[in-house]
Amino acid sequence: MAVRVFISYRHDTEAHDLSVRALADALRGHGVDAWIDQYDPHQPLTWEEWMVRQMEDAAYILVICTEKYKHTVRREGKVGEGLGVLQEFGQIREELNRAGGVNPKFLPVLLPGSTAEDIPTGLRGFNRYSVKRFVREDKGYEALLRRIYQEPEVVAPSLGVKPDFTAPVSSAPVLGAVPDLPPVAPKRAILEMVPIPAGSFMMGGNVYDNEQPIHRVELSGYSISKYPVRVQDYLEYSKGKKVAMPPFPDFNKNWSKKEHPIVNVSWFDAKGYCGWLSEVTGEEYDLPTEAEWEYAARGGLKGKKYPWEGDFDVSKLCCRRSEGTCPVGSYAPNGYGLYDMVGNVWEWCLDSYDANYYNNSPEKNPLCNNSNGVRVLRGGSWSDGDPDYFRCVYRSRYTPVNRNYLFGFRVVFRGLL
């Protein structure tokens, strides 16, 4: 079972909220059951009831320390501001008092722009974690993950310890001899990837407001998986990371149809798979952005509705079914050689959903990452029948914690494999 973590923070600025959300998303991508207030509408509980339950259920509470957070705890801010922080830190104080000052689960975290001086007094004696980037290569983030998973750190020998000179010393190899070194594990090629060269296209449509205005987008080269992630792919991740498989649907009992796309996965499940894939391959994989997905779905066809020439055609995709998903690759690929870009499963994208994002999105490699708690889905599913859903430009959305028998995903590598 994933370690449950609750994140206590103050809504200082929109940029700060985005950083906290990015931290929570990254932790979830690394298998941690991380929670912030934006992930849950708190119904039917009041906010106070929800917060207390979250803090009681959490194995760890990350306290995101900022100058404003510290001033709020000291009651130095404006009257009526930061009431949530006051209530959360009140809970922290109570638990610390019960534990006799020993820190049972509170971890001070410093994001860029904060210093040790921003840690409230009650937490200053404990290990702090300065996180610059939300990747394992960042020492602070790696240390935080190790603490959450209770993994030991590499400890240097204490100063003053005498070396053991009694141990036998191995002789140096003969000059010219081939040293007996362990073999280097090759990078694993798990998914078939299709390279998409750099280019530009006119993104969006003119049917619904959220797909307007049509605007020019320029993308760097990337590679995208040839098929949606299959059951057999996700099973390998499940075994490798000891992550539970999602509940299987009636149309794929016990996940017996391994060539079908995985379904019933949340956005966070999909991110977790991408994180594992990155670890085992040595390359950085992720979900596609909306722009990357749409460009790939078009298959090089400019200005066309669907991944094929002409009008909607039920013979070209897996849709309007009652019996569930189809094996991946059951229908002809698009111009880039990609299968099931529409139909079969709705596919999670990396972006947050913003109905008005196209009004001011950047031209090059756009990615929407706001704090509204909703993520984008593209492509339509096996159950859908409305031709609109299968247009390359159609935008749907859902909360990232939601699982559904219509939802799956594919992955990208931002480079040409």
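The model is predicted, so local features need pLDDT of at least 70 and side-chain atom pairs count only at pLDDT 80 or more, while totals for chains, interfaces and linings use all residues. Residues are numbered from 1 along each chain as its sequence is written, and side-chain values use heavy atoms, with hydrogens and water left out.

Me: Which cysteine forms a disulfide with Cys318?
Reply: A disulfide is taken as a pair of cysteine sulfur atoms within 2.5 Å. By this rule the count comes to one disulfide. The sulfur atoms of the pair are 2.2 Å apart, and the partner of Cys318 is Cys326.

Me: What is the handedness of the disulfide of Cys318 and Cys326?
Reply: Both Cys318 and Cys326 are buried, where buried means under 20% relative accessible area, exposed over 50% and partly exposed in between (1.4 Å probe, protein chains only). The torsion about their S-S bond is about 80°, so the disulfide is right-handed.

Me: What is the volume of the largest cavity?
Reply: On a 1 Å grid over the protein atoms alone, a cavity is a set of points where a 1.4 Å probe fits but cannot get out. Grid points are joined across faces, edges and corners, and a volume is the space filled by probe spheres set on the points. The structure holds one cavity of 30 Å³ or more. For the largest cavity, the volume is about 50 Å³.

Me: How many residues in the lining of the largest cavity are charged?
Reply: Lining residues have an atom within 4 Å of a point, and here they are Met203, His215, Glu290, Ala291, Asp351, Tyr357, Tyr358, Ser361 and Pro366. Ala, Val, Leu, Ile, Met, Phe, Trp, Tyr, Cys and Pro count as nonpolar, Asp, Glu, Lys and Arg as charged, and the others, Gly among them, as polar. By class, the lining has five nonpolar and two polar residues, and the number of charged residues is two.

Me: What is the angle between the planes of Trp267 and Phe268?
Reply: Rings of Phe, Tyr and Trp (its six-membered ring) pair if their centres lie within 6.5 Å; planes under 30 degrees apart count as stacked, over 60 as edge-to-face and the rest as tilted. By this rule the count comes to 24 aromatic pairs. Trp267 and Phe268 form one that is edge-to-face, with 5.2 Å centre to centre and an angle between the planes of 85°.

Me: How many residues apart are Tyr273 and Phe409?
Reply: Tyr273 and Phe409 form an edge-to-face aromatic pair, 5.6 Å centre to centre with 65° between the planes. Helices (H or I, at least four residues) and strands (E, at least two) are DSSP runs, numbered from the N terminus. Tyr273 is in helix H7 (residues 267-281) and Phe409 in the loop between strand S14 (407-408) and strand S15 (412-413), so the pair links distant parts of the chain.

Me: Which residue has its charged end over the ring of Tyr358?
Reply: A charge sits over a ring if NZ of Lys or CZ of Arg is within 6 Å of the ring centre and within 35 degrees of the ring normal. The ring of Phe268 has the charged end of Arg28 over it, 4.2 Å from its centre. Over the ring of Tyr358, 4.5 Å from its centre, sits the charged end of Arg395.

Me: What is the omega of the cis peptide bond that joins Gln212 and Pro213?
Reply: Most residues other than glycine have a negative phi, and most peptide bonds are trans. Pro213 is found in the loop between S7 and strand S8 (215-219). The bond from Gln212 to Pro213 is cis, with omega at about -5°.

Terms used. 1 Å grid on protein atoms, 1.4 Å probe; cavity = no way out; pocket = protein on both sides within 12 Å on 5 of 7 lines; lining within 4 Å.
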